[in-house]
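Subject: Structure handover

Hi,

Here is the structure for you to look over. My notes follow below it.

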Amino acid sequence: EIKLPVEKKSLVQNSTRPFRIQKLTFKEAFFTDETISRAIVLLKEITSLKELEAINCMLEGKGIWNTEEIARSGQSFVETVTITKIMIQNFHLFFDLEGMESQINQLKRLTIASSNVFMVPCSLARNFSSLLYLDFHDNLLVNKRLEETICKGSWPLLQTLNLSQNSLKSLEETAKYISRLPKLNNLDISQNNFGEIPDACEWPKLLKYLNLSNTQIPKVTTCIPRTLEVLDVSGNNLKEFGLQLPSLKELYLTRNQLKTLPGAAPIPNVVALSVRRNKLNSFSKEEFEGARVGAVQLSLMECHRSLVVSLICVLVFLVILLLVAVGYKYHMVWYLRMTWAWLQAKRKPRRAPPKDVCYDAFVSYSENDSEWVEDTMVRELEQACPPFRLCLHKRDFVPGKWIVDNIIDSIEKSRKTLFVLSEHFVQSEWCKYELDFSHFRLFDENNDAAILVLLEPIQSQAIPKRFCKLRKIMNTKTYLEWPAGEAQQQVFWENLKGALKS
């Protein structure tokens with residue numbers, strides 16, 4: 001992320017010779033025609049520098065470089081140049097770099113990727129006299145420009161060429177121009193939309209590695225050279241493969257529509273074959289002509305389908321069994337029922353209209369404490385003057401209605417809720433599975449509506465964690481304790497009546 005200045009002095013003026021730096025990388029740097037010309041001259045002083053790289057850089061200019069000064073400064077020692085995603089404003093007006101011929105004849109590896117390259121002038125291409133590796137992937141090369149980019153006499157020593165992800169349309173023309181490269185043995189023209197494949201093509205005589213994957217070719221023909229040792233035609237929807245390729249050692253047919261394996265006779269020297277993601281259903285001994293397969297990687301499902309299905313069924317059963325056991329232990333069914341009830345209750349008004357309130361208190365208690373509640377407390381409160389009207393589940397719940405709905409309706413129709421707390425209360429299944437919901441809903445709305453009566457000593461730590469609201473209320477709210485002596489019991493009833501009237 002630097003803007004290079006127009007440097008006049010040496011870049012290595014304070015360095016001690018001999019130089020050792022071998023690679024220099026610019027990332028997101030900003031160049032102009034003037035600064036890049038000067039940088040090329042100054043970098044030649046670093047005689048050990050073998051590789052230059054530019055990633056996501058920007059060049060402002062049209063390629064009008066000071067080629068005379070660059071030429072006078074002598075030969076560059078750089079052998080590898082990699083340029084990735086360079087941004088050139090108005091790249092279609094960029095000049096052909098005439099005059100840079102003397103600077104490129106020692107270059108061995110050149111990569112210009114994702115940079116909108118659409119051609120290389122023939123006069124410049126012919127001066128890459130030492131280049132062995134050329135990568136132009138993800139650019140804008142088309143067949144018409146390829147004729148000039150690979151003109152006769154250009155790239156004379158080139159061995160590896162990558163033209164993948166460009167805009168090449170004609171495989172026949174592409175092969176024709178590439179045949180001008182006498183030393184080429186490795187070619188990648190994948191991810192171009194050829195669509196058609198001719199019956200015959202002209203290729204370099206030494207070509208051994210060809211990548212034609214994802215090129216939309218509908219079939220394979222004798223256009224593919226017989227000299228190949230490695231062929232990749234993956235991702236082309238091929239339905240069959242029957243080419244005679246006597247020298248082929250590796251064949252990649254991934255992501256096609258093959259229903260049968262390629263015949264063994266036409267490709268007798270193959271040692272690696274990839275047929276993943278096709279429509280193969282089975283292999284026969286005849287397809288291999290009895291030859292022993294050295295290494296085949298098949299999935300467990302392909303080899304032992306019935307065993308795998310049985311294991312999956314057993315595992316699914318065990319998982320379901322485990323979920324049921326965990327659900328039972330941690331009361332998951334109860335939580336689901338309470339969640340459903342809570343969602344239903346959310347649709348109702350938070351409080352019943354005053355005209356619908358018909359009880360002074362709804363009484364929540366354990367069945368084990370029913371004798372005290374029904375014989376002692378009900379008699380004392382309902383026979384008082386004036387009497388209190390209490391809602392008891394045994395007496396006032398609507399028959400046939402779900403218990404949780406009865407609880408919700410009773411709480412909404414009562415001014416208070418009276419909780420009779422005891423060891424039985426916090427341990428009872430009734431409270432665990434039904435009344436806890438009413439506790440949460442009541443306390444969420446209005447803590448003042450709750451009256452706690454402690455029938456016997458109970459520690460808040462003994463209350464189950466699901467009664468977290470109740471634990472909090474017991475820690476922050478005063479509650480009434482049922483006394484043992486008769487004199488204190490009279491005071492208890494007066495205090496309870498006062499709480500119900502408040």
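**A buried threonine**

Thr174 sits in helix 6. Its relative accessible area is 0%, so Thr174 is buried; the cut-off for that class is under 20%. Leaving aside residues up to four places away in sequence, Thr174 touches Asn143, Leu146, Leu168, Ile189 and Phe194. Bear in mind throughout that this is a predicted model.

**Two glutamines with positive phi**

Gln165 is found in the loop between strand 9 (160-162) and helix 6 (171-178). Its phi is positive, about 60°, although Gln165 is not a glycine.

With a relative accessible area of 41%, Gln191 is partly exposed.

An open sheet is formed by 3 strands, in the order 2-4-6, with parallel pairing. Strand 2 (30-32) and strand 6 (87-88) are at the edges. Each has a single partner strand, so one side of each lacks a neighbour in the sheet.

Strand 2 pairs with strand 4 (residues 58-60) in the parallel sense, over 3 bridges. Which residue of strand 4 is the bridge partner of Phe31? The partner is Leu59.

Helix 1 (residues 33-43) lies across strand 2 and strand 4. Helix 1 runs at about 95° to strand 2.

**The annotated span**

UniProt has a feature, "transmembrane region", at residues 307-328. That comes from an unreviewed entry. In the model, residues 307-328 are 100% helix and 0% strand. The end C-alpha atoms of this span lie 32 Å apart.

**Helix 10 against helix 16**

Two packed helices are described by the angle between their axes and the distance between the axes. Here are both values. The axes of helix 10 (residues 370-382) and helix 16 (residues 486-501) come within 11 Å. They cross at roughly 70°. Angles of 65 to 115 degrees count as roughly perpendicular, and helix 10 and helix 16 are therefore roughly perpendicular to each other.

Which residues meet? Helix 10 brings Trp372, Thr376, Met377, Glu380 and Leu381 to the contact. Helix 16 brings Phe492, Trp493, Leu496, Lys497 and Leu500. By class, the contact has 7 nonpolar, 1 polar and 2 charged residues.

What is the geometry of the peptide bond from Cys385 to Pro386? The bond is cis, with omega near 0°. Pro386 is in the loop between helix 10 and strand 16 (390-391).

**A buried serine**

Last, Ser364. This residue is in strand 15 (residues 359-364). Ser364 counts as buried, because its relative accessibility is 1%. How many residues separate Ser364 and Ile407 in sequence? They are 43 residues apart in sequence. In space, C-alpha to C-alpha, Ser364 and Ile407 are 9.3 Å apart.

Best regards

Conventions
Residues numbered from 1 in each chain as written. Predicted model: local features only at pLDDT ≥ 70, side-chain atom pairs only at ≥ 80, totals over all residues. Heavy atoms only, no water. Pairing = 2+ DSSP bridges. Helix = DSSP H or I, 4+ residues; strand = E, 2+ residues; numbered from the N terminus. Contact = heavy atoms within 4.5 Å. Axes fitted to C-alpha atoms, helices over the stretch in contact; angles between N-to-C directions. UniProt positions renumbered as here; feature names shortened; annotations may be inferred. Parallel < 35°, antiparallel > 145°, perpendicular 65-115°, else oblique. Nonpolar A, V, L, I, M, F, W, Y, C, P; charged D, E, K, R; others polar. Buried < 20%, exposed > 50% of the residue type's maximum accessible area, 1.4 Å probe, protein only.
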